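The points below are grouped by topic for reading beside the structure.

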Amino acid sequence: MNNTKTGAKYSLKTALIHAGNQIDESTGAVNVPIYQTSTFKQDGLGKNRGFEYSRTGNPTRKVLEDLIAELEGGVAGFAFASGMAAITTVLSLYRSGDRILISRNVYGGTFRVLDKVFRNFGIEYSILDSEDPEDLRAAITDDVKAILLESPANPLMSVTDIGAFAKVAHEKGVKVIVDNTFMTPYIQRPIELGADIVVHSGTKYLGGHSDLVAGLAVVNDEETAERLAFLQNATGGVLQPFDSFLLIRGIKTLSVRMDRHVENAKRIAEYLRASEDVSKIFYPGLETDPGHAINSKQARNGGAMLSFELKEGHDLNRFFESLELISLAESLGGVESLVCHPSTMTHASIPEEIRKAVGITDGLIRLSTGIEDVDDIISDLDNAIRKSRI
């Protein structure tokens with residue numbers, strides 16, 4: 001897949017730094033100013049200079065929104081106070097009686113908001129048990145209005161053929177929403193593959209430094225853009241100017257960071273695959289992974305997230321306690337390596353029977369590969385694995 005161009009005059013690597021009209025025209029500042037203001041003076045009744053109130057629109061946030069729209073190749077972008085605020089606002093496009101299909105491995109927060117919040121308003125969901133487009137076709141009933149998927153999915157890194165799913169969905173008049181957090185537009189551009197809406201937790205790789213919480217959405221048609229703009233303003237879960245500034249700054253270095261993240265992840269995946277202590281590894285960058293072929297078709301590489309299980313005879317608590325460089329923590333995508341236990345952390349809100357049915361076992365470990373010296377990361381993992389042997 002050729003995803004090095006944004007459709008604009010520059011390559012994607014250059015667009016990460018220059019897209020979104022980031023130079024301030026009034027002063028020439030090469031970094032967008034932080035417009036830390038709640039309101040804007042108007043020149044007369046009905047006469048403003050493009051901004052009225054910072055919930056409705058803010059110049060710093062607008063630069064970020066234009067930037068992510070260009071990077072994803074969409075019509076319009078929207079910035080929110082968190083990834084869940086972005087997903088919640090997107091799901092608010094739907095109404096009572098509608099059904100959303102979700103892929104079997106989705107972030108626990110996505111499942112929770114559908115199961116515990118939107119069901120109260122009459123919006124139902126169904127879980128797809130397969131990455132087969134024909135199974136999707138059979139699952140689309142008259143009440144299905146959208147499919148929300150992740151590829152690679154969290155936390156088992158299962159891969160969905162986004163283009164094939166989009167083709168089937170569009171034949172039935174169903175929208176395709178893709179959470180692109182794990183890959184970012186630098187590695188994968190779902191709109192080019194047929195997605196209608198792309199969402200991100202900007203907290204993760206886009207911000208890249210574990211110092212902000214943010215969400216982004218990009219849409220591919222004007223009608224949806226108008227509806228989402230209304231919902232963003234009406235519900236008010238917008239990203240603040242300073243965090244918008246931080247996220248713009250983080251995106252500028254996305255390509256160099258992701259190249260290092262992925263380089264390290266490949267080395268670690270090979271180490272884990274060769275380890276006698278590891279029973280399973282989930283990483284689409286490995287040629288042996290069942291999703292490798294499809295992922296290679298639609299993404300630049302396998303990304304930097306991987307999961308694995310240790311063989312019997314290891315104490316999981318001892319493994320986590322023995323890590324020195326890698327932190328046990330929620331979240332992912334920062335420059336530092338993080339490890340988590342999905343069944344008690346990121347996916348604890350998913351009922352145990354569903355977790356086990358889709359393969360999220362109590363022994364699953366998820367690793368967000370940082371950009372430290374890869375030999376230090378591997379040494380830390382190796383030491384913790386050895387100390388976890390019973």
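A polar contact is a pair of N or O atoms within 3.5 Å; within protein, one atom must be able to donate a hydrogen and the other to accept it. On that basis, the side chains of Asp115 and Arg119 make a polar contact at 3.1 Å. The model is predicted, and every value quoted here is computed from it.

**Asp115 and helix α4**

- Asp115 belongs to helix α4, which spans residues 108–117.
- With a relative accessible area of 14%, Asp115 falls under the 20% limit and therefore counts as buried.
- Besides the contact with Arg119, the side chain of Asp115 has a polar contact of 3.4 Å with the side chain of Lys116.
- Helix α4 is mostly covered, as seven of its ten residues are buried.
- These buried residues are Gly108, Gly109, Thr110, Phe111, Val113, Leu114 and Asp115.

**Aromatic pairs and a charge over a ring**

- Six aromatic pairs are present in the structure.
- One of them joins Phe40 and Phe51, whose ring centres are 5.6 Å apart with 35° between the planes, a tilted arrangement.
- Phe40 and Phe51 both lie in the loop between α1 (12–18) and α2 (59–72), eleven residues apart.
- Phe40 is buried because its relative accessibility of 17% is under 20%.
- Phe308 and Phe319 pair edge-to-face, because their planes stand at 85°, over the 60 degrees required, and their ring centres are 6.2 Å apart.
- Phe308 is part of strand β9 (residues 305–310) and Phe319 of helix α13 (residues 316–322), so this pair ties together parts that are eleven residues apart in sequence.
- Phe308 and Phe319 are both buried.
- Phe308, Phe319 and Phe320 are linked into a cluster by ring pairs.
- At Tyr186, the charged end of Arg300 sits over the ring, 4.3 Å from its centre.

- His341 is located in the loop between β11 (338–340) and α14.
- A relative accessible area of 11% places His341 among the buried residues.
- The side chain of His341 reaches the backbone oxygen of Asp362 at 2.5 Å.
- Leaving out residues up to four places away in sequence, His341 touches Leu316, Phe320, Leu328, Thr346, Asp362 and Leu364. Among these, Phe320 is also a member of the ring cluster.
- Leu364 lies in strand β12 (residues 364–368) and is buried at 0% relative accessibility.
- Beyond the residues up to four places away in sequence, Leu364 touches Pro155, Leu156, Phe282, Ser307, Phe308, Glu309, Cys340, His341 and Pro342.
- The C-alpha atoms of Leu364 and Lys280 are separated by 9.0 Å, although the two residues are 84 residues apart along the chain.

**Ile197 in strand β6**

- Ile197 is found in strand β6 and is buried, with a relative accessible area of 2%.
- Apart from neighbours within four places in sequence, Ile197 is in contact with Val90, Leu93, Val176, Ile177, Val178, Val218, Val219 and Thr224.
- A distance of 8.6 Å separates the C-alpha atoms of Ile197 and Asp179, which are 18 residues apart along the chain.

**Pocket and cavities**

- The largest pocket has a volume of about 380 Å³. It is lined by 23 residues, of which Gly83, Met84, Tyr107, Ser201 and Lys204 are the closest to its centre.
- Helix α3 and strand β6 (197–201) each supply at least two residues of the lining of this largest pocket.
- Two cavities of 30 Å³ or more are counted, and the largest cavity has a volume of about 50 Å³.
- The largest cavity is lined by Ile102, Ser103, Arg104, Val106, Phe111, Ile127, Ile350, Ile354, Val358 and Ile360.
- Strand β2 and helix α14 each supply at least two residues of this cavity lining.

Technical notes: Residues are numbered from 1 along each chain as its sequence is written. This is a predicted model: local features need pLDDT of at least 70, side-chain atom pairs count only at pLDDT 80 or more; totals for chains, interfaces and linings use all residues. Side-chain values use heavy atoms; hydrogens and water are left out. Rings of Phe, Tyr and Trp (its six-membered ring) pair if their centres lie within 6.5 Å; planes under 30 degrees apart count as stacked, over 60 as edge-to-face and the rest as tilted. Helices (H or I, at least four residues) and strands (E, at least two) are DSSP runs, numbered from the N terminus. Buried means under 20% relative accessible area, exposed over 50%, partly exposed in between (1.4 Å probe, protein chains only). A charge sits over a ring if NZ of Lys or CZ of Arg is within 6 Å of the ring centre and within 35 degrees of the ring normal. On a 1 Å grid over the protein atoms alone, a cavity is a set of points where a 1.4 Å probe fits but cannot get out, and a pocket is an open set with protein on both sides within 12 Å along at least five of seven lines; lining residues have an atom within 4 Å of a point. Grid points are joined across faces, edges and corners, and a volume is the space filled by probe spheres set on the points. Contact means heavy atoms within 4.5 Å.
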